[in-house]
Amino acid sequence: IFLTACSKNDDLPIGGPDPVETAPYANGFFIITEGSYGQPAGTVHFYNYDADTVTTRVYEKENPGKLTSNAAKTSTLQFATVYSGKLFLMSKISGPLIRLDATTLKEEVRFNQETSNWRSLVGIKGAEGLVSANDGVYVINLNTLMPQYKLTSVSAVNSGDMLVSDNYVFLLQSNGAKIISGSNYSFVKGFSNINRGFAKTPNGKVWAATGSRLIAID
């Protein structure tokens with residue numbers, strides 16, 4: 001019996017392991033663009049560590065015909081984060097919440113609300129997270145992306161960036177920074193006049209800023 005092949009198999013080791021397929025977006029970082037009001041929607045680019053290259057508009061590549069905005073293109077891509085192997089995208093001005101597989105960028109879930117103004121998202125535990133909006137902070141189901149209820153422990157003031165550190169959630173609102181418990185969302189502490197945040201350094205400090213001060217919070 002004589003076997004041959006019309007391919008470049010001659011260079012492969014005999015009896016060696018099968019090639020391991022690497023997920024296309026498993027080794028790098030995402031770059032998020034906002035887009036323009038009424039113009040092209042915001043999108044996702046990807047920097048690959050191995051190739052040292054940026055691939056543009058990878059969201060459209062993996063999800064043909066879909067947009068990160070609403071149909072009228074009046075929403076702009078506001079925020080993105082990776083949590084538990086998923087990439088979450090959110091658009092302000094009545095835009096959608098979108099969940100993608102972080103290694104393939106295939107869209108899995110989309111939630112549209114007729115009137116909304118989302119700002120940021122953090123995962124808390126399991127399928128539960130928080131989203132901030134212009135009218136407060138909401139508990140959200142990360143499986144369906146549907147908001148469950150609004151927190152009453154922090155005022156319904158324009159809310160923006162959030163950060164989870166240990167068992168605390170740091171919230172940036174128009175009247176300062178608020179800290180709530182990650183267990184029951186009760187109010188812990190507030191700092192007035194904070195207008196930028198947040199970043200966490202390896203020493204465990206959470207940093208925020210005003211126009212003239214940079215502060216570290218233990």
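Which residues form one aromatic cluster? Tyr 25, Phe 30 and Phe 46 do; here rings of Phe, Tyr and Trp (its six-membered ring) pair if their centres lie within 6.5 Å, with planes under 30 degrees apart counted as stacked, over 60 as edge-to-face and the rest as tilted. The model is predicted, so local features need pLDDT of at least 70 and side-chain atom pairs count only at pLDDT 80 or more, while totals for chains, interfaces and linings use all residues. Residues are numbered from 1 along each chain as its sequence is written, and side-chain values use heavy atoms, with hydrogens and water left out.

On the overall fold, the chain holds one helix and 18 strands, where helices (H or I, at least four residues) and strands (E, at least two) are DSSP runs numbered from the N terminus. Of its 218 residues, 40% count as buried; that label means under 20% relative accessible area, with exposed over 50% and partly exposed in between (1.4 Å probe, protein chains only). Taking the contacts (heavy atoms within 4.5 Å) with a separation of 6 or more, 36% come from residues 24 or more positions apart.

Now for the inside. In soluble globular proteins, nonpolar side chains tend to be buried together. A nonpolar core here is a set of buried Ala, Val, Leu, Ile, Met, Phe, Trp, Tyr and Cys residues joined through side-chain atoms within 4.5 Å. The largest one has 14 residues, and Met 90, Leu 97, Trp 118, Leu 121, Val 131, Ile 140 and Leu 145 are those with the most contacts inside it. Two or more residues of this core come from each of strands S5 (86-92), S7 (107-111), S8 (118-125), S9 (128-133) and S10 (136-141). Setting aside residues up to four places away in sequence, Met 90 touches a list of partners that includes Leu 77, Phe 79, Leu 97, Trp 118, Leu 121 and Val 131. A second, separate core of 13 residues includes Tyr 25, Leu 89, Leu 100 and Ala 102. Tyr 25 also turns up in the aromatic cluster with Phe 30 and Phe 46.

Back to the rings: the structure holds seven aromatic pairs. A pair of aromatic rings is described by the distance of the centres and the angle of the planes. For Trp 118 and Tyr 138, the centres are 6.3 Å apart and the planes sit at 85 degrees, so this pair is edge-to-face. It joins distant parts of the chain, with Trp 118 in strand S8 and Tyr 138 in strand S10, 20 residues apart. Trp 118 counts as buried because its relative accessibility is 2%, and Tyr 138 is buried too, with a relative accessible area of 17%.

Next, the loops. Asn 63 lies between helix H1 (58-62) and strand S4 (76-83), yet its relative accessible area is 6%, so it is buried. Leaving aside neighbours within four places in sequence, Asn 63 is in contact with Leu 105, Lys 106 and Glu 107. Lys 106, in turn, sits in the loop between strand S6 (97-101) and S7, and is partly exposed at 40% relative accessible area. Its contacts, again without residues up to four places away, are Glu 62, Asn 63, Arg 99, Leu 100 and Asp 101. Lys 106 and Lys 61 are 45 residues apart in sequence, but 9.5 Å apart in space, C-alpha to C-alpha.

Ile 93 is not a glycine but has a positive phi of about 55 degrees, and Ser 94 has a positive phi near 60 degrees. Ile 93 is partly exposed at 35% relative accessibility, and Ser 94 is partly exposed with a relative accessible area of 24%. Elsewhere, the peptide bond from Gly 197 to Phe 198 is cis, with omega near 5 degrees; Phe 198 lies in strand S16 (residues 196-200).
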